Every structure is written in structure tokens, then in C-alpha cells.
Amino acid sequence: MKAAAGACPGGGKETLATSFLRYILLLLLPLTVLYILYALHAILSSTPSCPPDHARVIAAASFSHVTAHNHTSSSSPPPPATVTVLRATAPPPPPPPTTITVLEKAPPLPPATITVPTARPPPAPATVTVSTTATTLQHVVFGIAASARLWDKRKEYIKIWWRPNSGMRGFVWLDRGVRESSVPAGLPAIKISSDTSGFPYTHRRGHRSAIRISRIISETFRLGLPGVRWFVMGDDDTVFLPDNLLAVLGRLDHRQPYYIGSPSESHLQNIFFSYGMAFGGGGFAISQPLAARLERMQDACIRRYPSLYGSDDRIQACMAELGVPLTRHPGFHQYDVYGDLLGLLAAHPVAPLVSLHHLDVVRPLFPNVRSRQAALRMLFDGPVMLDSAGVMQQSICYDAANRWTVSVAWGFVVMVARGVMPAREMEMPARTFLNWYRRADYKSHAFNTRPLARNQCEKPALYYLASARRTVVRTGETTVTTYQRWRHRNELRPPCRWNIPDPDALLDSIIVLKKPDPGLWDRSPMRNCCRVLSSPRKEGDRNKTMTLDVGVCNDWEFSQV
């Protein structure tokens, strides 16, 4: 009885569960049938009711081939794409444009068709022509900022570096006209800047001419000169080395936006203005695409910055709005310094010398010439003409027999000092110059410097360029530059207790042999090596000449005694 009584409740529970499952199955069955019918309908509706037309298949495949070719690069253009159309009837009259009709729904309508005119062959694939030729002077346009008041004096600087017979293009932009007699032949054409009186200017210490100068690139661009890749800006007292400028610009893609230049040598100047600004006196270059963008927005940009001081910071402000940073290059030289450029140029960075500026406020490059312009002509007529890439490039070597340190700034000066000075110290500029802010000390420079020698024994003997020529030897052409000893007036060299010969007593001149190397900057930056070929050994020798060889370093060479 207990067993039978216990069986009844258990059987009731099983009957209830079975009824619930049966109810769920009855609900799911119609839903499953509907889903199967919907899927079959979708499959049957997407299947074509007739076999594909081979003519339309071939036409569609050919059209996709044409589209793919139109998106390929133009480095190696493929043959023109063809479209093959098969048809049984006579061709329809050719419509004017090529049309594509695509039907998206599946009613019994004709599928996608392509109608191609048959009166003429299809056009060739679209191509993009990319110039791969080297950048030359014909691809560069110079915009030179000048004033009528200083024109008679500053044009002498332009005469030195401008090459009228080499295809150079450029304009001198003045604030007003000058006499025709003051514009000699062989100089860039004169242009008068547009009126800028409508632009606001609120800086208390500046001058409104900054607005006019800042618009020179845009005004030069509006002239519409053909084939321009680069717009180069400079002042009337900026001296460019054209071949070295091309060496810098030729390594960059002129089709991309570039803003190339250098900040000031003065840390304070860069703080007051910007380390991201190219100082216009040292010159800067803007690629053609960037010049086009600048021209479109510059006038509105200038109006937003009435409180800025000069033209350089106005251009940099517009570059910031365009999102293009400064590409620094150490060969552009603003030279915000006073005094003697000897320390800076004798330890020039391992980069091509592109420009010089502020030559009116520093001493002449060569102290034994009569004027600043004459010193520049001496540089351009000799080293720049013979081997522009190597001008001012430093080489360091040692005369082991005499225990001398020799530093060659090719085409400029050779320094010979007693003792062995490490290359790390020799490549650092000596403080022969003063900061733009005269009260500032050496910590106000934007680079490392070293003090002048206090010990008379460490003071180097200076040999400045005297002549430069090219000659032919067994190994080919080579340059021969001669450097003569130079002394300050009333200079006295006190006796030195070091047991090292005095170069001032043994050397009167130094001859440097160097092969021209126009491809110097096509390689990675590296100083040339210097080798001592001969030097006098003791006082009283009739031959007081040292001979050096400068050239590309061998794998095993480095600057060490």
C-alpha cells in the first residue's frame, strides 16, 4: 500500500511535464515551418531564371579591368584597357557619354548593362605624371626683401652670389621705386610691393614694413611663373650659396609641403620669437604646394596677428595654422652675433653652408682684405667656384712629430695649436663673437661654445686663405688652396715653457690638397679626414710650409694622434 500510494504522486508529475513539452513543441512547429518557407523563397528569388548572357559577362569583366587600371600608379603605365561586347544584332547609335545602368531589385528586368560608344576607341587609362628630374636653379624662385633707402649699399651683396647666366629666377621687392641707373644689369628684376596700409599693426617697437615683407612669398606666387618647385626668401644682405642650396632642396620631395630654415644663434632671440620659426635673414625655403596654401589664407592670417613684431613670426604663425612645422637645417645662418665669425665658421656643422647674414655688423670674413664685399668675392671666386660643397667644412688631424693639432675649415682658415686637443673640443665653436644682446653671456647662445685660450701656449696660429686654384695630377683633378699666416697688429707671442715647437716660428704658409667632391652631401653626414703630408721639423728650415691632404675618410681613419 505504501508503495502504491507513493506511485500516484510520482506519476502525476510526469504527466504534467509531458503536457508542457507538448505545448511548447506545438508552438515552435509553425514558426519553424514559416522560417523554412521564407528561406526557400529567398534562395529561389535570388537564382536567375535563365542562363547568364556571355556578352554581358565579358563586358562587366572588361569594365572592372578598366576601373582597376585607372587606380593604379603611373610609374609603369599598362597598355590601354579594352572593352569587348558580344551582340547578335546591329550596334545601337553611340551615345555621347559612357553610361552604366545598374538595377538593384530582382523583378524580371534586365540585369546590369554597359553601353559603350563604338564610333571611337575607348580613352586611355588616366595617368599621373610625376617629375623625377633633379632640382635645378630653374626650379627655384628667389624673393629678396629690400628697401629703397638701403638699395645702393645692399645690392653689392646680391651681385656676389646672383648668377644671371645660369637661369636663376627671382625678384627684389622694394617699398618704392628707385632710379633705373641704380639697377645694374645682371641683377634680379625689381618689383614694388602691394599697399599694406589696410592691415592692422599694433607692435610699439616694430615697423609696418614687416607686413609687406611677410607677403613676398605670396606675391611672388601670384606671378604664376611656370615650373617652380621652391620659393626661397631672403633679405638684401643675405648671401646664398646656390649650389649648396640645391643640395639641400634636392633631397626633399617638392610635391610635399615643406618649410625649411633655421632659428637664431641667440637663445634669447628664439625665446622672444620662437624656436619653431625660420629667421628670414638666414633665408628659408617653401615648397610650391605649401606656397599655394599660404597664398590662399595669408592675408586673413596676417589680420589675426596685428601685435607680432616682424615678418618672420607672421609667416611662422600662418605655418602653425596650416599645420606645417619648421624643417631645421643648420646650413641657414641668421648670425645674430657681433664680432668675429671665425669661431663659428672654423667649426661649421657637418652640413652644407647655405647662407650668411648680418655681414654688415660683423668683421670681414678675411681680415687681410679691404672690405666685407671684397672678402666675399674672394670666397666666391675661389673655393665656392672650385668646390662649393666643401666650403667651410672642418677636418681635424694631428702632426705627431711636432705634437700639433691642426683644424682645417676648407676655403677659409687653418688653425694650428700646440699640444693634442681632442676632436670633441675642436668641433665646438670658440667664442670669438658676442651675443646679439651684448649684455648676455655665453649661456645665451643656442649651441655649445668653448672659451678662448687663456694660456698663451694654447693660443692657435691662424692661416687665412690666400689663393685657390685647380690643377690636374695623376689621380685626376684636385684643388690647391694656400693659407698664409696672419697676425693681429702689434701681436706679440710671449715665450712658452712647453717643450713643443711653436707653429708661428716654423710655419709661414699651409698648402691643402683636396679633390672636388660635388656629391659630398649625397652621402650620410661625415667630416672629411685630414692628413699631414709634410711639415718643417725645426727652426731654421728654409721650407716653412706644411702640406695637408683633405678628403673622404678611409674605413680605418679617425681623428687621433
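The structure holds 4 disulfides, a disulfide being a pair of cysteine sulfur atoms within 2.5 Å. The model is predicted: local features need pLDDT of at least 70, side-chain atom pairs count only at pLDDT 80 or more, and totals for chains, interfaces and linings use all residues. Residues are numbered from 1 along each chain as its sequence is written, and side-chain values use heavy atoms, with hydrogens and water left out. With the bonded cysteines of the protein numbered in sequence order, the pairing reads 1-2, 3-7, 4-5, 6-8.

Helices (H or I, at least four residues) and strands (E, at least two) are DSSP runs, numbered from the N terminus. Both Cys301 and Cys318 are buried. Buried means under 20% relative accessible area, exposed over 50%, and partly exposed in between (1.4 Å probe, protein chains only).

Helix H8 has 16 residues. From its first C-alpha to its last, H8 reaches 23 Å, close to the 22 Å expected at 1.5 Å a residue. The expected span is 1.5 Å times one less than the number of residues in the helix. H8 bends by about 55° at Met297; the bend at a residue is the angle between axes fitted to the seven residues ending there and the seven starting there. Met297 is also one of the buried residues of H8, which include Pro289, Leu290, Leu294, Gln298, Cys301 and Ile302. Their cover includes helices H4 (209-214) and H5 (216-221), strands E6 (230-235), E8 (259-261) and E9 (284-287), and H9. Contact here means heavy atoms within 4.5 Å.

Another disulfide joins Cys397 to Cys530, S to S 2.1 Å. Cys397 lies in strand E13 (residues 394-399) and Cys530 in strand E20 (residues 529-534), so the link ties together parts 133 residues apart in sequence. Cys397 and Cys530 are both buried.

Cys457 and Cys496 are likewise joined by a disulfide, S to S 1.8 Å. The link is right-handed, with 120° about the S-S bond. Cys457 lies in the loop between strand E16 (433-435) and strand E17 (461-473), and Cys496 in the loop between strand E18 (476-486) and helix H13 (503-506), so parts 39 residues apart in sequence are tied together. Cys457 counts as buried because its relative accessibility is 7%.
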